[in-house]
Amino acid sequence: MEKSKIITVFGATGAQGGGLARAILSDPNSEFKVRAVTRNADSDKAKALAKLGAEVVEADIDDAASIKKAVEGAYGAFFVTFFWEHFSAEKEYQEVADFAKAAKEANLKHVIWSTLEDTRNWVPLDDDRMPTLQGKYKVPHFDGKGAADKLLVDAGLPVTLLRTSFFWDNFIHFGMGPQKGEDGNYYIAFPLDDKKLCGMGAEDIGKCAYGIFKNGNGSVGEMIGIVGEKLSGGEMAAKLSKALNINVIYNNVSPDTYRSFGFPGADDLGNMFQFKRDFNEDFNAARSEKVSKELNPDLQNFDEWLAVNGSKIPID
């Protein structure tokens with residue numbers, strides 16, 4: 001019997017990596033084994049993965065030596081970074097440089113990198129339609145990842161660049177859920193005009209990644225964009241209203257207004273939504289529901305995601 005191929009899953013206790021780890025572990029016919037990377041093997045999430053059959057290892061993506069150790073002997077790896085912990089695109093870029101070096105040395109056969117566009121290819125730094133942030137980015141949490149794609153490609157790695165979408169989970173965890181107004185109605189605010197926002201459940205990102213690993217050589221070297229459903233602000237508000245049994249209204253604010261909201265990263269996200277609005281056709285064309293469904297037959301649309309997760313959305 002052929003030995004199972006080890007996939008080293010970074011961020012295994014997070015949303016994307018966790019989705020991939022659980023997808024592999026729940027498939028009794030999988031040819032893969034999970035090596036779950038976490039900074040704390042004693043956490044409840046890490047213990048839960050170990051119980052499902054994962055090999056849990058401790059590593060820190062800011063420690064190149066620990067990355068190297070985590071991928072030794074593996075067939076493939078899922079690489080993801082965590083911008084919102086530190087707000088540094090430079091740090092993300094360095095982490096990917098370390099991923100690339102470790103993957104090359106370990107002779108990995110397939111790498112999936114969870115990435116996004118470098119928006120500076122559409123909005124140069126001297127373009128004042130949106131402010132330049134941190135001196136050299138338009139959307140730091142996009143641009144650092146997009147620029148780092150080249151590190152993996154130029155290293156000659158068998159890499160699939162996985163472009164993700166807006167997480168609907170942000171309605172639960174990121175404070176983007178409906179806020180109650182003085183009039184008793186609830187509001188979601190995005191600077192999107194009437195444009196469609198690519199969105200999906202974070203768990204489905206991992207399941208799509210599993211589909212890519214199963215496709216093997218067919219997806220190495222490709223850029224694959226995934227999405228659960230493309231919806232306007234008004235459509236999202238209507239679906240939230242129905243699922244949560246409250247009246248949710250879409251508040252189409254300006255990018256300037258969104259940037260002024262004052263929470264950490266508001267300027268970054270304001271620029272992100274403006275990019276998705278102003279280059280909506282390019283952004284949405286790069287993400288296919290059909291491809292996502294082929295990779296992940298259980299792919300959820302927004303209504304299906306709300307049926308499972310709606311009760312977790314905090315309502316004041």
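Which residues does I188 touch, not counting residues up to four places away in sequence? The legends below, which describe a predicted model, begin with that residue.

**View 1. Surroundings of I188 in the largest nonpolar core.** With residues up to four places away in sequence left out of the count, I188 touches F171, M176, G177, P178, G233, M236, A237, L240, V248, I249, Y250 and N251. The core itself has 37 residues, of which F171, I188, F190, L240, F273 and F302 touch the most other members. At least two residues of this core come from each of α7 (170-173), β9 (186-190), β10, α9 (233-244), β13 (248-252), α11 (266-278) and α14 (302-309). Another core, of 28 residues, lies apart from this one and has A21, I112, M200 and I226 among its members. In soluble globular proteins, nonpolar side chains tend to be buried together.

**View 2. Helix α9 and the elements against which its buried residues pack.** The 12 residues of α9 reach 16 Å from the first C-alpha to the last, which is close to the 16 Å expected at 1.5 Å a residue. G233, M236, A237, K239, L240, S241 and L244 are the buried residues of α9, and they pack against α7, β9, β10, β12, β13 and α14. Just after the helix, N245 takes a positive phi of about 60 degrees.

**View 3. The open sheet of three strands, in the order β7-β10-β12.** Pairing within this sheet is mixed, and its edge strands, β7 (166-167) and β12 (229-232), each pair on one side only. Between β7 and strand β10 (residues 196-200) the pairing is in the parallel sense and extends over two bridges, with F166 standing opposite G199 in β10.

**View 4. Buried and exposed residues of helix α3 (residues 64-71).** S66, I67, A70 and V71 are the buried residues of this helix; because they cover an arc of only 130 degrees around the axis, they lie on the same side of α3. A65 and K69, on the other side of α3, are exposed. The elements that cover the buried residues of α3 include β1 (5-9), β2 (32-38), β3 (55-58), β4 (76-79) and α5 (89-105).

**View 5. The start of α3 and the residue G73 just after it.** At the start of the helix, a side-chain oxygen of D63 reaches to within 3.2 Å of the backbone nitrogen of A65. Just after α3, G73 takes a positive phi of about 80 degrees.

Note on methods: Residues numbered from 1 in each chain as written. Predicted model: local features only at pLDDT ≥ 70, side-chain atom pairs only at ≥ 80, totals over all residues. Heavy atoms only, no water. Pairing = 2+ DSSP bridges. Helix = DSSP H or I, 4+ residues; strand = E, 2+ residues; numbered from the N terminus. Core = buried A, V, L, I, M, F, W, Y, C linked by side-chain atoms within 4.5 Å. Buried < 20%, exposed > 50% of the residue type's maximum accessible area, 1.4 Å probe, protein only. Contact = heavy atoms within 4.5 Å. Expected span 1.5 Å × (residues − 1). Arc of directions from axis to C-beta. Polar contact = N/O pair within 3.5 Å; in protein donor to acceptor, adjacent residues only side chain to side chain.
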